[in-house]
Amino acid sequence: NINNADNIVGSYFLTDIRMIVATDSSAILGIGDQGYGGMGIPIGKLALYTAAGGVSPFQTCPVALDIGTNRRDLIKDSLYLGIRQNRLTGKPYMDFIEKFVEAVKRNWPRAIIQWEDFSKDAAFGVLDRFRDEIPSFNDDIQGTGAVTLSGVVAACKLIGTRLRDQVVVVSGAGAGGAGVAWIIEQGMIREGLSPKEARERVYVLDSVGLLYEGRTRMEDYKLRFLSPASCGAWAESGEVPTLMETVTRSKCTVLLGLSGMPGQFTEPIVREVASHCERPIIFPLSNPTSNCEVMPEDIFKWTNGKALVASGSPFPPVPWEGKEHPIGQGNNAFIFPGLGAGAILAGVKKVTDNMIMEASTALSDYTVANWVSQGRIYPPIREMRKVSVNIATRVIQQAIADKVATGDILKETDIEALVRREFWQPVYPHIVMRAFGTA
């Protein structure tokens, strides 16, 4: 029914939609291809937009794009509600997405789209194809990158170093890993490195091994993350340098896990990172907990408590030498509610890279000002609303600077006051039960 997208969108019971979370359910975190069954993801994300970002639920719309499934068990399931065919790819897939985007533009011209849980190839293709046509961003790429950069910058502040001085290994080259690599490089450039210098300080590995010039069998989106061809000589046990070989030869000081491979950060790997500096930064960021690259308590044990640790999943504090050490959670929910709220209030024509970077910087600034002195790399989850106000304010200011903001926001003199004023709050009327027939 995609050819009837205008009527479907137009018949939605809410009319002033400002925020859409759309998924094709191809890469749901931890469980993969769900066919038509991914609607719970947009619903949950939009709940966070309201709870953490102050976006009115009456201006949101969750969307599941049913473009098929490659799971034979779903296709054969008599109770499956989705279309029973393999997933669209290539031009038919992009044509499908374009019809949806055009219907949104015609019916809800002020809407922002957050693309969610698309497979890595589709994620980059959809983001690049439509970001100039409709204000949109991909949370798995840009949100993950922004929250990770924020944590690394806060960790650097905690130990008195700079991002530009770090050597970073990113294990995992999917949507999240690529987004992290890109934004880490951008952060280094902002601190004064040239693009070439920043590229040479970030090493990215996929399931095969290190990405480097001259390596074969790589998707196109990985080509921007290639290390010099000379790095290929680091391989001793095979054709492509392994994680251990890359960690050893690069002398990395930061190790970031987005591989989804539980136990990948072994004791020898963690100890090798710790041998390169006084305070290594090690973030096992894969979700859910069962996919975590290493348990935080093991990092403390193998580095003698020297490492700065954050994770993607929630973990309890780690007791070490008589003190409880909180494990910060690098949760995208610190970023996207404030980013989306700011984009809505600014009426943006485009979600720019600078806006993503500013969201990350706002989060790290908040953490440094309020929590780094207590040894925290991220704020507690309970402070998401405060964080979102800060991020939305900074995102609006950046949108104005980038000349993508529109409307009355350009006349505002106190952006933060506006954000607080527009922050949606639930109000429950007081209902009094009276007996029938009484006044």
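The legends below walk through a predicted model, starting with the whole chain and moving on to one of its sheets. Local features are described where pLDDT is at least 70, side-chain atom pairs count at pLDDT 80 or more, and totals for chains, interfaces and linings use all residues. Residues are numbered from 1 along each chain as its sequence is written, and side-chain values use heavy atoms, with hydrogens and water left out.

View 1. Helices (H or I, at least four residues) and strands (E, at least two) are DSSP runs, numbered from the N terminus. Along the principal axes, the C-alpha atoms fill a box of roughly 80 × 50 × 45 Å. Of the 439 residues, 54% count as buried, that is, under 20% relative accessible area with a 1.4 Å probe, counting protein chains only.

**View 2. Six strands line up as an open sheet.** Reading across, the order is β6-β5-β7-β8-β9-β12, with parallel pairing. β6 (202-205) and β12 (328-329) stand at the edges with a single partner strand each, so one side of each has no neighbour in the sheet. Two strands pair if DSSP finds at least two bridges between them. Strands of a sheet pair through backbone hydrogen bonds, either parallel or antiparallel.

**View 3. Strand β7 (residues 254-257) is buried on both faces.** Which residues point each way? Val254 and Leu256 face one way, while Leu255 and Gly257 face the other.

**View 4. β7 pairs with β5 and, in the next sentences, with β8.** Strand β5 (residues 168-171) runs parallel to β7 over 4 bridges, and Ser171 has Gly257 of β7 as its bridge partner. Another 4 bridges join β7 to the parallel strand β8 (residues 281-284). There, Leu255 finds its bridge partner in Ile282 of β8.

**View 5. Strand β9 (residues 308-311) is covered on both faces.** Leu308 and Ala310 lie on one side, Val309 and Ser311 lie on the other, and all are buried. How many bridges link β9 to β8? The two strands pair in the parallel sense over 2 bridges, and Ile282 stands opposite Val309 in β9.

Notes: Buried < 20%, exposed > 50% of the residue type's maximum accessible area, 1.4 Å probe, protein only.
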